[in-house]
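Reader: I've got a protein chain open on my screen and I'd like to get to know it. Could you walk me through it, one piece at a time?

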Amino acid sequence: MQTTERSLHHLEKIVAIGALFCVFALAIGFAQAGELRVKIRSDAHAPQSDDVYLRSAVALVQDVASGETLIAKNQGMVLPIASITKLMTAIVVLDAGLNLEQRVAISDEDYDLVKGTRSRLRPGTVLTRDELLLLALMSSENRAAASLARTYPGGTGVFVAAMNAKAQALGMTDTRFVDPTGLSSSNVSSARDLARLVAAAHEYALIREYSTRDSASVQALGRKLNFRNTNGLVRSAHWDIALQKTGYIAEAGRCLVMRVKLASREVIVVLLDSWGRLSRIGDANRIKKWLEANAAKGPRG
């Protein structure tokens with residue numbers, strides 16, 4: 001009987017020690033997971049700011065004149081880019097020298113079969129290619145972008161191939177396009193690639209003008225349709241934006257790219273996978289305040 005009791009007591013000790021070991025192992029595991037999350041959220045070898053907290057998973061701020069990276073966070077991470085895609089769509093249309101006054105009819109082929117998003121551009125609506133370009137850039141109209149690709153010489157497949165060829169020419173090695181709208185999560189890029197895209201897009205006067213226009217109206221099937229810019233910052237007197245594009249699908253989160261004048265310097269801002277509906281705008285404002293505060297401190301060193 002005593003032997004049995006000693007055996008049970010010994011077994012209880014073993015179980016207790018085993019339980020402690022499991023708790024210790026789990027604690028180490030959680031600590032390692034936490035360390036991994038920290039590593040994912042920051043770039044070890046990129047300039048960082050200790051006093052600017054950004055909720056976007058990826059962020060990049062570059063000085064246009066010098067090319068200096070002012071803020072970087074996961075700039076090499078490759079993620080879906082949603083409607084940032086439409087900047088490349090516009091570049092390909094303009095590079096082709098197509099007649100922008102040519103009238104184009106929205107077709108059933110322009111429906112979004114990937115996400116099922118809605119559009120006020122019903123099949124049969126006829127707009128000029130110029131109007132479609134404006135709506136694609138300003139209000140991120142998916143059917144407008146789809147129709148631009150569909151009516152490209154050779155059709156959508158040739159258009160997407162031209163998008164990828166242009167990306168290669170720009171040195172965008174992390175980038176791949178499969179559609180002209182960004183509705184597919186297979187349209188991917190990195191912040192450093194998108195900085196190249198923004199710089200290239202800025203060379204086109206129409207992209208600068210249309211992406212920053214506050215609002216516009218078009219006549220569609222006998223009705224006047226009003227559209228607004230998807231980026232509310234273009235309506236703010238506190239922002240001097242030369243080019244911008246927003247994007248959102250579930251896989252990409254909220255995205256924003258801009259070329260903007262902040263603290264008396266031209267910068268390119270890239271924000272990807274922002275948490276929450278307003279986080280990309282919040283991050284843009286935090287970047288603005290940080291740059292202005294550092295400019296007020298004067299040169300470092």
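This is a predicted model: local features need pLDDT of at least 70, side-chain atom pairs count only at pLDDT 80 or more; totals for chains, interfaces and linings use all residues.

Reader: Okay, now the big picture. How many helices and strands does the protein chain have?

Author: The protein chain has 301 residues, and 48% of them are buried. Take contacts between residues at least 6 apart in sequence: 64% of these join residues at least 24 apart. As for the elements, the count is 8 helices and 11 strands.

Reader: Back to α2, then. How many of its residues are buried?

Author: Helix α2 runs over residues 85–95. Its buried residues are T85, K86, L87, M88, T89, A90, I91, V92 and V93. So α2 is mostly covered, since buried means under 20% relative accessible area and the tally for this helix is 9 of 11.

Reader: T85 is on that list. What is its relative accessible area?

Author: T85 sits in helix α2. Leaving out residues up to four places away in sequence, T85 touches M163, F177, D179, P180, T181, G182 and N187. L197 is 112 residues from T85 in sequence, yet their C-alpha atoms are 9.6 Å apart in space. T85 is buried, and its relative accessible area is 0%.

Reader: Now a pair of helices. Are α2 and α3 roughly parallel or antiparallel to each other?

Author: Helix α3 covers residues 129–138, and its axis lies 9 Å from that of α2, at an angle of about 160°. The crossing of α2 past α3 is left-handed. Angles over 145 degrees count as roughly antiparallel, so the word for α2 and α3 is antiparallel.

Reader: What classes of residue make up the contact of α2 with α3?

Author: On the α2 side you'll see K86, L87, A90, V93 and L94, which meet R129, L133, A136 and L137 of α3. Sorted by class, the contact has no polar residues, 2 charged ones and 7 nonpolar ones.

Reader: And how do α2 and α5 lie: roughly parallel or perpendicular to each other?

Author: The axes of α2 and α5 come within 10 Å and cross at roughly 100°. From α2, the contact uses T85, M88, T89, I91, V92, V93 and D95, while α5 brings F159, A162, M163, K166 and A167. By class, this contact divides into 8 nonpolar, 2 polar and 2 charged residues. With 65 to 115 degrees counting as roughly perpendicular, α2 and α5 are therefore perpendicular.

Reader: Last one. Which residues have the most contacts inside the largest nonpolar core?

Author: That core has 62 residues. A second, separate core has 21 residues, including A59, L70, V234 and L262. Look at I207: leaving out residues up to four places away in sequence, it touches L87, A90, I91, L94, L137, A201 and L243. In the largest core, the residues with the most contacts are L87, M88 and I207.

Conventions: Residues are numbered from 1 along each chain as its sequence is written. Side-chain values use heavy atoms; hydrogens and water are left out. A nonpolar core is a set of buried Ala, Val, Leu, Ile, Met, Phe, Trp, Tyr and Cys residues joined through side-chain atoms within 4.5 Å. Buried means under 20% relative accessible area, exposed over 50%, partly exposed in between (1.4 Å probe, protein chains only). Contact means heavy atoms within 4.5 Å. Axes are lines fitted to C-alpha atoms, for helices over the stretch in contact, and angles run from 0 to 180 degrees between N-to-C directions. Helices (H or I, at least four residues) and strands (E, at least two) are DSSP runs, numbered from the N terminus. Angles under 35 degrees count as roughly parallel, over 145 as roughly antiparallel, 65 to 115 as roughly perpendicular and the rest as oblique. A crossing is left-handed if the near helix is turned anticlockwise from the far one by less than a right angle, and right-handed if clockwise. Ala, Val, Leu, Ile, Met, Phe, Trp, Tyr, Cys and Pro count as nonpolar, Asp, Glu, Lys and Arg as charged, and the others, Gly among them, as polar.
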